[in-house]
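Please read the following with the sequence and the 3D view open side by side.

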Amino acid sequence: MFSANHQKFIEMDELSQQKVPFFFIIDFLVDKIEVFRENEIKENGLLIDFQSFSNTKKQEALDKKTEWKFYPETLESFQKGFDIVQDNIRLGNSYLTNYTRKTKIETNLSLEEIFHHSQAKYKVLYKDFFVFFSPETFVKIISDKIFTYPMKGTIDASLENAAEVLKNDKKEKAEHYTVVDLLRNDLSMVADDVKVDKFQYIDFLKTHQKDLFAMSSEISGNLKPEFKGKIGSIMQKLIPAGSILGAPKPKTLEIILEAEGFDRGFYTGVCGWFDGENLDSCVMIRFIEKEGNQLYFKSGGGITHMSKLEDEYEEMKNKIYVPIH
């Protein structure tokens, strides 16, 4: 398996060194890597809408009322994996673990309608297989400078002083610090002069169900000479994304595989568009997948020693939404 994947990273390096535009998509466990040149994107059933690239046409307004139901697992079922995570945190095996669940959903919207009518920074529809509408940038590369924007911590925006509450929440703050630290270390593998440019700024996310505030930071560095123009080599070093895995990475991955009990697949993987000069990439979260005729929404959040079971269960459910208004 490794050699086929290794070839894909080499292909990404070659294309980026030749300044050939391409789109790539990598699943969570780095088992599946797909690379498409610009002319291959549409024919492979991919619809993409990034700020830096889009192959979609403007759609007519949605002419039906959105129906949206979801069937979350019970708190007891959620707790099984949560306890595995907490036991490992107590043992010192991890200090942040991103625990995610898979929830059955029902909607009168097709994956294509969800793609076209959702509002998000990053949207991709892959065949009739999955759609996501992600607010989270993974890394951007702009003329040999690399940026990452870890997003950790969300709150219902309708709560009183929600943004302030989020900024000062001890658990959310600790989680945010951890991810910033983790990603600063990750960037240091491929860049020099890594620094946190902005810390804990608040983004507003509008959704059909409720509005959310999310907390992000900006970290940047200058690509090391041996990584300049080599998108494949950079990705190979940086994935899986720290924000959806946890820390330390290798041990936390083992914990996740034990606690979750389902295959994340492309959910929480990374995809990106290289335009011949610069790269824009995102973490594939806010993710709906089709299995047979059934739709599933995959969502979750970071667990630390301060996490409370009921709060984490609520956060997992809060994230099951479509940003259609």
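The model shown here is predicted. Is Thr103 buried or exposed? Its relative accessibility is 1%, and because buried means under 20%, Thr103 counts as buried. Leaving aside residues up to four places away in sequence, Thr103 touches Phe70, Tyr71 and Pro72, then Leu295, Tyr296 and Phe297, and also Met316 and Ile320.

Strand E5 also holds Asn98. With a relative accessible area of 4%, Asn98 is buried. Which residues does Asn98 touch, not counting those up to four places away in sequence? They are Lys152, Ser243, Ile244, Leu245, Ile256, Glu260, Arg264, Gly301 and Gly302.

Strand E5, which spans 96-107, is one of the elements against which the buried residues of helix H2 pack. The others are helix H7 (249-260), strand E17 (294-303) and helix H8 (309-318). The buried residues in H2 are Phe78, Gly81, Phe82, Val85, Gln86, Asn88 and Ile89. An α-helix has 3.6 residues a turn, so residues three or four places apart point the same way.

The length of H2 can be checked against expectation. H2 covers residues 75-90, which is 16 residues, and at 1.5 Å a residue these should span 22 Å. The end C-alpha atoms of H2 are 21 Å apart, so the two values agree. H2 does have a bend of about 30°, located at Gly81. Gly81 is also among the buried residues of this helix. After H2 comes Gly92, with a positive phi near 85°.

Next come the helix pairs. Two packed helices are described by the angle between their axes and the distance between the axes. For H2 and H7, the axes come within 9 Å and cross at roughly 155°. Angles over 145 degrees count as roughly antiparallel, and therefore H2 is roughly antiparallel to H7. The contact is made on the H2 side by Gly81, Ile84, Val85 and Asn88, and on the H7 side by Lys251, Ile255, Glu258 and Ala259. The crossing of this pair is right-handed.

A second pair is formed by helix H5 (residues 170-190) and helix H6 (residues 231-238), whose axes are 9 Å apart and pack at an angle of about 145°. H5 passes H6 in a right-handed crossing. Asp186, Leu187, Met189 and Val190 of H5 make this contact with Ile234, Lys237 and Leu238 of H6.

The backbone has several points to check by eye. Most residues other than glycine have a negative phi, and most peptide bonds are trans. Where are the cis bonds described here? One runs from Ile239 to Pro240, with omega near -5°. Pro240 lies in the loop between H6 and strand E13 (246-247). Another cis peptide bond joins Ala247 and Pro248, with omega about -10°. Pro248 is found in the loop between E13 and H7.

Lys19 has a phi near 60° and is found in the loop between H1 and strand E1 (22-26). Arg286 has a positive phi of about 55° and lies in the loop between strand E15 (279-283) and strand E16 (287-291).

Ile10 lies in helix H1 (residues 2-17), and at 28% relative accessibility Ile10 counts as partly exposed. Ile10 and Phe274 are 264 residues apart in sequence, and their C-alpha atoms are 15 Å apart in space. Leu159 lies in the loop between strand E10 (151-156) and helix H4 (162-168). Its relative accessibility is 47%, so Leu159 also counts as partly exposed. Leu159 and Glu172 are 13 residues apart in sequence and 16 Å apart in space, C-alpha to C-alpha.

Terms used: Residues are numbered from 1 along each chain as its sequence is written. This is a predicted model: local features need pLDDT of at least 70, side-chain atom pairs count only at pLDDT 80 or more; totals for chains, interfaces and linings use all residues. Side-chain values use heavy atoms; hydrogens and water are left out. Helices (H or I, at least four residues) and strands (E, at least two) are DSSP runs, numbered from the N terminus. The expected span of a helix is 1.5 Å times one less than its number of residues. The bend at a residue is the angle between axes fitted to the seven residues ending there and the seven starting there. Buried means under 20% relative accessible area, exposed over 50%, partly exposed in between (1.4 Å probe, protein chains only). Contact means heavy atoms within 4.5 Å. Axes are lines fitted to C-alpha atoms, for helices over the stretch in contact, and angles run from 0 to 180 degrees between N-to-C directions. Angles under 35 degrees count as roughly parallel, over 145 as roughly antiparallel, 65 to 115 as roughly perpendicular and the rest as oblique. A crossing is left-handed if the near helix is turned anticlockwise from the far one by less than a right angle, and right-handed if clockwise.
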